[in-house]
Amino acid sequence: MIRVIQFVTHKVFNLSTLSNLNLKEIRESQRPCLIYKRTLSSEVAFLGSICKLGSEKILTQPTSSNGKSTMTSSLEKPMAEVTSEFEEQIKLLHAKEKSDLETIKVEATEKLEVRPPQTEITDNPQIVSTQPGKIQEEETESNLSVKEAENRVEYRIMIKNISKFCTPKDLKRHLIANNVVFTKCKKPPSWTSAYVSFKTEDDLRAGYDLINGMTYKKTKLTAEISNITEEERIAKFEDLARKKKTSLQNDPRDLFEILADKVTSLHRLPYEEQLALKEQKIKNFLKTFRQKMRTHPKIDKNIEWIFAKTLHNLPCEFQKIIPSPITNGYRNKCEYTIGKNLEGQRTIGFLIGGFSEGITIVLEPQGLKHLDLTSFRIAQLMQDYVRESKYEVYDRKTREGYWRLLTVRTPTTGDISIIISFHPQQLSEEEINREKHGIRTYFKNIEYSAEIKVTSIYFYRSREISDSESVEGQLEHIMGDEYVHEELLGNRFRISPRAFFQPNSAGAGIIYSVCQEWAKADNKPGKSKLIDICCGTGTIGITMAKKFDQVIGIELIEEAVEDARYNAKLNGIENIEFIAGKVEEQLQVFNSLQNEETIVAILDPPRAGVDPHVIKEIRKCASLERLIYVSCNPEGAMQNFLGLCYPTSNQYQGEPFRPTKVVPIDMFPHTPHYELILEFER
């Protein structure tokens, strides 16, 4: 639905007659209307405010002392008669100017909102001023007509023959290196194909010529043009939704059981069985890793850890999985979707299926074992607020609505941080400020009632199609402290809203303790140095700083680096330095290392691992004796492990590493996920 100012037209009019009309006084009327848009460049229809007309020209209106119109909105004819007359005028104009006129019918209700009083029309009818001295081009989807939006084409190519282990990041980098100009790239895990979108048809054609036949990792890619209109996209989504709905109806489980099985898929098993299942999964992964090393064309058949018979056919020492100290309510960070339940009520919780399956139903997370009770209570309180809001929840199918996501942090210190994700659509700054004020007032009243106290609130404006947070969104601190804090192993850490911190605080303490034990630098003579790669807020480096002469941390997110520097001072650590930037662009750290130093590196990367260039630079550092790799997704980091251990070559210089021991830590009870710590030596 297009949002418009609801004024009734008695006859089709020429928009140019409105050019000098001040609409400020007439925006309070709320009536259904029919509007039209001319396609001639000289008369572009304004899909916003429309005044009441009596014939071919504007009725004479009283004016105020400053010359502004004081037009009222009283109807002179019944709505049905006005509509009939309007449609008749449209038919006449179609016969006269069939090639340059399209008709748009808009059904508005009494509740449709109007533009704020401060919005003014500029000389260009396609540009609206939203703030004094600023203009904003109205190119957004919500300003298109229904027909235009449905027929708008997304130019895209489907790329085939891609390895299922290829990540979107790797593919994007390869396309950019080959001069492909694109807007987005979609490559879900395990897919052997990907979709690449383009802004224009010319970019599409150029991209097709470059991609079709392109070689990627010794495999020739094929390209297939796969354009899709908005109407087709919605139809495809609705078809998936119908199939999924039928599947849910035939499922003997109730919806809350389905949700629990999706979010915490192991929750029905006793905890000991969960641990045994994960142990076997990890052993199978290590066997696969060893087998991949055996198939390398230049591998030395005498390398014992690869070819010798070992216990369970594993490449290194395997230590028993360490259970989580807390099995229920362990998560200190949760991201809740804001949507609608089966009854159409606004709800904060989790989707019962993937959006790619056509699922938009959100259920309250009742009874989920991994949720912190305080986090769940915050979600309920915010749900009450959203249900009373005049703004709708965001719908990823239609891309309309406002409320999107709620992120809650609840560290063990008792601090509480929330981030509220909101799509601004076409709201003015004044309207958004009113909503932020409403949120502040709501949580202050909750605090005054002694029910619960929120430490920090952030308001996140996001125009992204997906609900995931991106660096492009606008994050605003609107209440309380800017940070929350956590305490681990006798140290205190400040956490900014975008910084990564282990979601299981008790389990994180185990990870850092194992890293300390394995590093062993305090038993070595001479200078020692720790390189903390992907250091986040500095937790690993700070907890281990007393064991080394110097610690260097590298992290992509600037906010996290600021936290790390602050945390070092907070804990009285002086022998530590933090560097902000992409790890692959900060490789001079390795080049500056001296061979006489004892060097230990700890690598705790995102799920997909690090860029291959990082592994190659690590290989070049001759003084690096030991690397401790902390992985939350070993399957995604497989190429990193292989790159560390491949034979010396032009591509992988320096002596190869070998795995010496591995220990899994169950950071995520009731789910199939875990952390794996691997020690590599040479």
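**View 1. Helix α6 lies across strands β15 and β16.** Here α6 (residues 255-263) runs at about 45° to β15 (346-351). Contact means heavy atoms within 4.5 Å; axes are lines fitted to C-alpha atoms, for helices over the stretch in contact, and angles run from 0 to 180 degrees between N-to-C directions. Helices (H or I, at least four residues) and strands (E, at least two) are DSSP runs, numbered from the N terminus. This is a predicted model, where local features need pLDDT of at least 70 and side-chain atom pairs count only at pLDDT 80 or more, while totals for chains, interfaces and linings use all residues. Residues are numbered from 1 along each chain as its sequence is written, and side-chain values use heavy atoms, with hydrogens and water left out.

**View 2. An open sheet of 7 strands, with mixed pairing.** The order goes β16-β15-β14-β17-β18-β19-β20; two strands pair if DSSP finds at least two bridges between them. β16 (362-363) and β20 (474-480) sit at the edges with a single partner strand each, so one side of each has no neighbour in the sheet. Further in, β18 (residues 417-422) and β19 (residues 456-461) pair in the parallel sense over 6 bridges, and I418 has I457 of β19 as its bridge partner.

**View 3. An open sheet of 8 strands, again with mixed pairing.** Read the order as β13-β28-β29-β27-β26-β23-β24-β25. The edges are β13 (317-318) and β25 (576-580), each with a single partner strand, so one side of each is left without a neighbour in the sheet. Helix α13 (residues 558-570) packs on this sheet, touching β24 (550-555) and β25, and its direction makes about 170° with that of β25.

**View 4. Helices α7 and α16 cross at roughly 45°.** The axes of α7 (residues 271-294) and α16 (residues 638-645) come within 11 Å. The two are therefore oblique to each other (under 35 degrees counts as roughly parallel, over 145 as roughly antiparallel, 65 to 115 as roughly perpendicular and the rest as oblique). F285, T288, F289, K292 and M293 in α7 meet M638, F641, L642 and C645 in α16.

**View 5. A salt bridge joins K184 and E154.** Their closest N and O atoms are 3.6 Å apart; the criterion is a side-chain nitrogen of Lys or Arg within 4 Å of a carboxyl oxygen of Asp or Glu. K184 belongs to β7 (residues 184-186) and E154 to β6 (residues 153-160), so the pair ties together parts 30 residues apart in sequence.
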